[in-house]
Structures are given as C-alpha cells and as structure tokens.
Amino acid sequence: MIEKYDYGTDYYGYRKKFAVLVPSTNTAVETEYHLMKPEGIVLATRACVIPAMSVTNDAEFVQLVEAIGAATEQGLRDCLSCRPDHVIFGYSAETFWDGKGRSDREFARYNAIANEHGGCNITFGAQAVLDALQCYPKARRLGVLTPYMPVGDQQVVKFLGDIGYEVVHIKGHCSPGPVEIAHEPFAKTRQLIDQIDAAEVDLLLQAGTNLYFVELAAQLEAELGKPVLAINALTFWHALRSNGIRDRIPGYGSLLAEH
C-alpha cells in the first residue's frame with residue numbers, strides 16, 4: 001500500500017520557496033542568487049516579458065522602464081502560480097522611478113496582489129535599499145554605480161535624496177540594451193568605481209540588477225575599506241531576513257556576512 005504523504009513542503013525548498021520576478025532579458029539576478037543561496041531555499045524564476053530593445057539614449061531608456069512596468073502585474077500573477085512563500089522583484093530602475101512617494105505606492109499595489117492571490121509578501125528593490133542602508137547608520141554620503149542612461153541615474157538620485165542620503169558621485173555604464181548590461185566587464189566597472197569613490201564617500205551602492213557585481217562588491221570592500229552594496233545582494237538579503245532566515249553568507253559583501 002502506498003503511504004499518504006504531506007504535500008505541504010517543496011522538496012528542495014524545505015525552508016522557503018522564493019519566486020524571483022525578472023525582466024525576460026535578465027540573466028544576472030538568477031545567477032547571483034544561486035551563488036548566494038543557502039541550503040533549503042528554492043528559487044523559482046519567472047519573467048516580465050519585454051523585448052531585447054536598443055537603449056542608446058534617455059528616451060529609449062524610459063521606454064525600457066515603461067515596458068518593464070507594463071509587464072509587471074502579469075508577471076507577478078504568473079509567479080504566484082508556484083505558491084511561493086515570498087516574491088522577490090529582481091529589477092530596480094522602475095522601483096526608484098519618480099521618488100519615494102511613487103515607489104511606496106507601487107510597492108503597496110503589488111504587495112496587495114501578492115497578499116490577496118498568493119498569501120505572501122514581496123521584496124521591492126527600492127525598499128530593500130532603504131532597509132539595507134539602515135544597517136550602516138554612519139553612511140550618509142554615497143557613491144553610486146549603475147548600468148543606466150543619465151535619466152535613470154537622475155531617478156536613483158531623487159529616490160536616495162527622498163530617503164535622506166546625499167549622492168556625491170554617480171556614474172552609469174550607459175549599456176546599449178537590457179541584455180548588454182550583463183556583458184559589461186569587471187574592468188570597466190572598476191574604472192567607474194574609481195570615478196565614484198572619494199574620501200568623502202561613506203558607502204558605494206550599485207543599482208541595476210542585470211549588472212554582475214556581488215562578487216566584485218566583496219573584493220572592493222576589502223580594497224577600499226568601506227561598505228560596497230550590490231543590488232542583488234540587497235534584495236536577496238531582504239527576502240531572507242524578511243522570512244526569518246538569518247544565515248551569515250560570506251563572499252558577497254558585508255550585508256549578507258554581518259547583518
């Protein structure tokens with residue numbers, strides 16, 4: 001006789017099951033989350049479907065952000081079909097857009113959908129940044145790295161100003177498309193870091209989830225002697241800690257290793 005089983009727990013996700021919502025052009029989030037993932041966590045990656053568009057100027061960057069926003073609600077509803085314990089939004093530019101007021105409204109809207117239809121909560125890029133920065137109370141002046149066009153950088157500066165931080169320097173890769181963000185070499189990223197770091201900068205922050213950075217962030221912290229926060233480490237940290245998972249994870253920066 002076949003024994004009856006309890007079907008309440010995912011076999012590999014016996015601690016938690018996270019749905020990860022990313023633009024369909026994104027490869028870095030899934031890759032970096034798997035690098036950082038503790039045992040007993042399962043990641044179910046789902047897409048906001050967008051085209052692999054060209055981004056060569058501010059207007060095209062705005063179109064990219066709008067395309068992600070238009071695809072988000074359906075992507076979220078698709079995520080909920082795997083019955084996750086939590087949904088991580090694996091993009092950041094759209095969450096910063098037009099400052100904290102809009103960001104809070106968008107978070108509340110999507111979190112309500114997740115609550116109502118999935119019985120779970122979400123991690124949103126901008127809110128994860130806010131919570132993570134509070135772990136570094138002495139850091140008020142920031143250097144920021146992005147893959148964005150200048151219009152995207154402006155939105156990051158606005159959001160960070162709204163939450164009480166001064167952006168001393170910001171530099172963007174100006175990547176020519178959402179796919180190409182993941183093609184940016186570490187050598188170029190290091191050159192941009194040199195341009196945003198200064199004695200008066202307390203902390204370096206990276207935005208843009210398709211830009212590989214979590215391993216480099218840990219190396220830079222050791223070299224520069226100051227916190228260096230990668231967006232994918234921030235959102236993954238937020239999801240873990242929001243779900244009671246306190247594992248210290250070395251190798252990807254001080255936030256996951258110490259907080």
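User: How many of the 12 residues of helix H9 are buried?
Analyst: Happy to start there! This is a predicted model, in which local features need pLDDT of at least 70, side-chain atom pairs count only at pLDDT 80 or more, and totals for chains, interfaces and linings use all residues. Residues are numbered from 1 along each chain as its sequence is written, and side-chain values use heavy atoms, with hydrogens and water left out. Helix H9 is mostly covered, and the number of its residues that are buried (under 20% relative accessible area, with exposed over 50% and partly exposed in between, using a 1.4 Å probe and protein chains only) is 11 of 12.

User: What distance does H9 reach from its first C-alpha to its last?
Analyst: Helices (H or I, at least four residues) and strands (E, at least two) are DSSP runs, numbered from the N terminus. H9 covers residues 231-242, and its buried residues include Phe236, Trp237 and His238. The expected span is 1.5 Å times one less than the number of residues. For H9 that expectation is 16 Å, and the helix reaches close to it, at 16 Å.

User: Which residue just after H9 takes a positive phi?
Analyst: Look at the stretch that follows the helix. The phi there is about 75°, and the residue is glycine 244.

User: On which residue is the kink in H2 centred?
Analyst: Helix H2 (residues 58-79) has 22 residues and reaches 30 Å, close to the 32 Å expected. The bend at a residue is the angle between axes fitted to the seven residues ending there and the seven starting there. In H2 the kink is about 40°, centred on threonine 72.

User: Which strands do the buried residues of H2 pack against?
Analyst: Among the buried residues of H2 are Phe61, Leu64 and Ile68. Their contacts (heavy atoms within 4.5 Å) take in helices H3, H4 and H6. The strands they pack against are S1, S2 and S3.

User: Is arginine 83 buried or exposed?
Analyst: Arginine 83 sits in the loop between H2 and S3. Its phi is near 55°, a positive value in a residue other than glycine. Its relative accessibility is 71%, so arginine 83 counts as exposed.

User: What is the relative accessible area of cysteine 174?
Analyst: Cysteine 174 lies in the loop between strand S6 and helix H7, and its phi is near 55°. This cysteine is partly exposed because its relative accessible area is 34%.

User: Why does threonine 189 count as buried?
Analyst: Threonine 189 has its place in helix H7. Leaving aside neighbours within four places in sequence, threonine 189 is in contact with Leu145, His173, Leu211, Phe213 and Leu216. Threonine 189 counts as buried because its relative accessibility is 0%.
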